[in-house]
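Please walk through this structure with the coordinates open.

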Amino acid sequence: MEGMLGVIGGMGPLATDAFYRLLTKHTAAARDQEHINVLILSHATMPDRTAAILTGEIEPVRQAILEDALFLQKSGCKALAVTCNTAHYFVDLIAPELEIPVLHMIKETAQEAARTSGGKPVGILATDGTLKTGLYQHALEAVGVTCCFPDEEVQRMVMSVIYDQVKAGKPTDPAQWQRIEDAMEAKGCGRLILGCTELSCVQEELSLGERYLNPLDVVARKAVAFMGGRLR
C-alpha cells in the first residue's frame with residue numbers, strides 16, 4: 001500500500017497509542033476512508049535513548065532507528081513521524097540517509113511555541129537526554145524564543161514521573177506534578193513544552209490546561225495536513 005505515514009513508535013507504547021488517537025481526533029472524517037493511511041512500527045525493545053546519549057553509546061540506537069526508517073520507506077511510506085522526543089537526536093543523524101522526509105516534532109513544536117508564547121520564556125520539561133542534546137534549546141533559539149529549565153531537584157521529579165510512573169504503568173502523582181508546575185511558574189515561564197512523549201500521557205491523565213504545549217499533538221496535526229487529510 002503506497003502513500004502511508006510511517007510511524008516509528010514503541011518509545012513508549014502509551015505515547016504511540018496517544019499519537020494514533022490524536023491523528024484520528026484531528027482528522028475531519030465522516031467515514032473510515034477519509035482518514036490517512038498509517039503504518040506503525042512499535043519498536044518497544046529499542047535501547048533507552050536517554051541512556052545512550054548520556055553514556056555516549058549512541059551507535060546501537062542510531063542503527064536501530066535507521067533500520068526502522070528504511071523499512072518504513074521501503075514499505076511505501078511517504079513521510080515518517082517518530083513518537084519520542086529524545087529519539088530526534090538520532091533522527092537528525094539519519095535524515096541524510098533517507099529519501100522521504102521526517103516530520104520533525106521538535107522543530108514543529110518550536111514554531112508553535114513562537115506563535116503562541118506571547119514573548120514569554122518557554123519552559124522545557126523533558127528527559128535528561130533531551131536536555132543534554134540541546135534539541136529544544138537550539139530549535140527555540142532559532143525562532144527567537146527564550147528557554148527556561150527545571151533546577152536539579154525539579155528535574156529529578158520530572159524524570160521520576162517519566163520513568164517511575166508513566167513508563168512503569170503507574171498513575172501520575174498529582175501533588176508531585178503540581179510541584180513541578182509551581183517551580184516552572186516561579187521561573188516566569190509562559191507556555192510549558194511537554195518535551196517527552198510520556199508527558200503527553202500525563203496531560204491526558206491530569207487534564208492539564210492550555211499553557212502546556214504537547215509535541216505529539218503538534219506533529220499529529222502536521223502529519224494529517226501533510227498526508228492530505230482534512231484537519232478538524
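**An enclosed helix and its surroundings**

Helix 10 is largely enclosed by the rest of the structure, because seven of its 10 residues are buried. The model is a predicted one. The buried residues of helix 10 are Thr 197, Glu 198, Leu 199, Ser 200, Cys 201, Val 202 and Gln 203. Helix 10 covers residues 197–206.

What happens just after helix 10? Ser 207 takes a positive phi there, about 50°. Most residues other than glycine have a negative phi. Ser 207 is a residue other than glycine with a positive value. Its place is the loop between helix 10 and strand 7. Is Ser 207 buried or exposed? Ser 207 has a relative accessible area of 62% and is therefore exposed; the cut-off for exposed is over 50%.

Now look at Asn 85. Asn 85 sits in the loop between strand 3 and helix 4. Its relative accessibility is 1%, so Asn 85 counts as buried. Along the chain, Asn 85 and Leu 199 are 114 residues apart, yet their C-alpha atoms are separated by 11 Å. Leu 199 is one of the buried residues of helix 10. Which residues does Asn 85 touch, not counting those up to four places away in sequence? They are Met 105, Ile 106, Thr 130, Leu 135, Tyr 136, Leu 194, Gly 195, Cys 196, Thr 197 and Pro 215. Thr 197 is also among the buried residues of helix 10.

Four strands form it, in the order 5-4-6-7, with parallel pairing. Strand 5 (147–148) and strand 7 (212–213) are the edge strands, and each pairs on one side only. Helix 7 (residues 135–142) packs on this sheet. Helix 7 touches strand 4 (122–125), strand 5 and strand 6. The direction of helix 7 makes about 160° with that of strand 4. Leu 135 and Tyr 136, two of the contacts of Asn 85, fall within the residue range of helix 7.

Strand 6 (residues 192–194) runs parallel to strand 7, and two bridges join them. Take Ile 193: its bridge partner in strand 7 is Leu 213.

Another parallel pairing joins strand 1 and strand 3, over five bridges. Here Gly 6 stands opposite Leu 80 in strand 3. Strand 3 is mostly covered, with five of its six residues buried.

Helix 3 packs against this part of the chain. Helix 3 (residues 59–74) has 16 residues. From first C-alpha to last, helix 3 reaches 22 Å, close to the 22 Å expected at 1.5 Å a residue. Which residues of helix 3 are buried? They are Val 61, Arg 62, Ala 64, Ile 65, Leu 66, Asp 68, Ala 69, Leu 72 and Gln 73. An α-helix has 3.6 residues a turn, so residues three or four places apart point the same way. The buried residues of helix 3 pack against strand 1 (4–9), strand 2 (38–42), helix 2 (49–55), strand 3 (77–82) and helix 4 (88–94). Gly 76 follows helix 3, and its phi is positive, near 105°.

Two loop residues deserve a stop. Gly 12 lies in the loop between strand 1 and helix 1. The peptide bond from Met 11 to Gly 12 is cis, with omega near -5°. Most peptide bonds are trans.

The other is His 26, in the loop between helix 1 (13–25) and strand 2. His 26 has a relative accessible area of 3%, so His 26 is buried; buried means under 20%. Leaving out residues up to four places away in sequence, His 26 touches Asp 217, Ala 220, Arg 221, Val 224, Arg 230, Leu 231 and Arg 232.

Finally, step back to the whole chain. There are 11 helices and seven strands. Buried residues make up 54% of the 232 residues. Among contacts between residues at least 6 apart in sequence, 72% join residues at least 24 apart. The C-alpha trace spans about 50 × 45 × 35 Å along its principal axes. How does the radius of gyration fit, and what would a compact globule have? With 232 residues, a compact globule would have a radius near 17 Å, and the chain has 17 Å, so the two agree. The accessible surface comes to about 10500 Å², with 51% belonging to carbon and sulfur atoms.

Methods. Residues are numbered from 1 along each chain as its sequence is written. This is a predicted model: local features need pLDDT of at least 70, side-chain atom pairs count only at pLDDT 80 or more; totals for chains, interfaces and linings use all residues. Side-chain values use heavy atoms; hydrogens and water are left out. Two strands pair if DSSP finds at least two bridges between them. Contact means heavy atoms within 4.5 Å. Axes are lines fitted to C-alpha atoms, for helices over the stretch in contact, and angles run from 0 to 180 degrees between N-to-C directions. The radius of gyration is taken over C-alpha atoms; the globule rule is 2.2 Å times the number of residues to the power 0.38. Buried means under 20% relative accessible area, exposed over 50%, partly exposed in between (1.4 Å probe, protein chains only). Accessible areas come from the Shrake-Rupley method with a 1.4 Å probe; for residues, only the protein chains shown count as cover. The expected span of a helix is 1.5 Å times one less than its number of residues.
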